[in-house]
Amino acid sequence: MPDPTDPRCAQPPGAFHPVIDRNRCEGKAECVAVCPVQVFELGVLPVEARRGLSLKGKVKGFAHSWRQAFVVRESACEACGLCVKHCPEGAIKLVSRGS
Ligand code: SF4
């Protein structure tokens, strides 16, 4: 995984993509604000996706009206790491396309 604190680690678009931990995201939209290539949008977690959450995740989701970030332009990700660095919940990780 690229070092999210080192901007020299940027990769060709699509080599890595962000994955959001649904049990951690609180929809604070820091990732939406910092991503230079608009990979994220804010939305509402669908009912069917709420069932798989942990108890803590369900409590968090309910408390935040189920607002969460969603990856809508995965292939645009350049692995700059800004979303990982700025997410206040530590909910984002970058994974390589092949993994
Ligand atoms: S690593 Fe950079 S380009 Fe990729 S989603 Fe996060 S902020 Fe956007």
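Author: A few questions and answers follow. The model is predicted, so local features need pLDDT of at least 70 and side-chain atom pairs count only at pLDDT 80 or more, while totals for chains, interfaces and linings use all residues. Residues are numbered from 1 along each chain as its sequence is written.

Reader: In what order do the elements of the protein chain run from the N terminus on?

Author: Helices (H or I, at least four residues) and strands (E, at least two) are DSSP runs, numbered from the N terminus. The protein chain has four helices and four strands. Their order is β-α-β-α-α-β-α-β.

Reader: Which residues does I92 contact, leaving aside neighbours within four places in sequence?

Author: Contact means C-beta atoms, placed from the backbone, within 7 Å. With that cut-off, the partners of I92 are P18, I20, C31, C83, V84 and C87.

Reader: Is Q38 buried or exposed?

Author: Q38 sits in the loop between α1 (30–34) and β2 (40–44). Its phi is positive, about 55°, although Q38 is not a glycine. A residue is buried with 20 or more other C-beta atoms within 10 Å of its own, exposed with 12 or fewer, and partly exposed in between, with C-beta atoms placed from the backbone. Because Q38 has 10 C-beta neighbours inside 10 Å, it counts as exposed.

Reader: And A79, buried or exposed?

Author: A79 is in the loop between β3 (67–71) and α4. Its phi is also positive, near 55°. Because A79 has 24 C-beta neighbours inside 10 Å, it counts as buried.

Methods
Contact = placed C-beta atoms within 7 Å.
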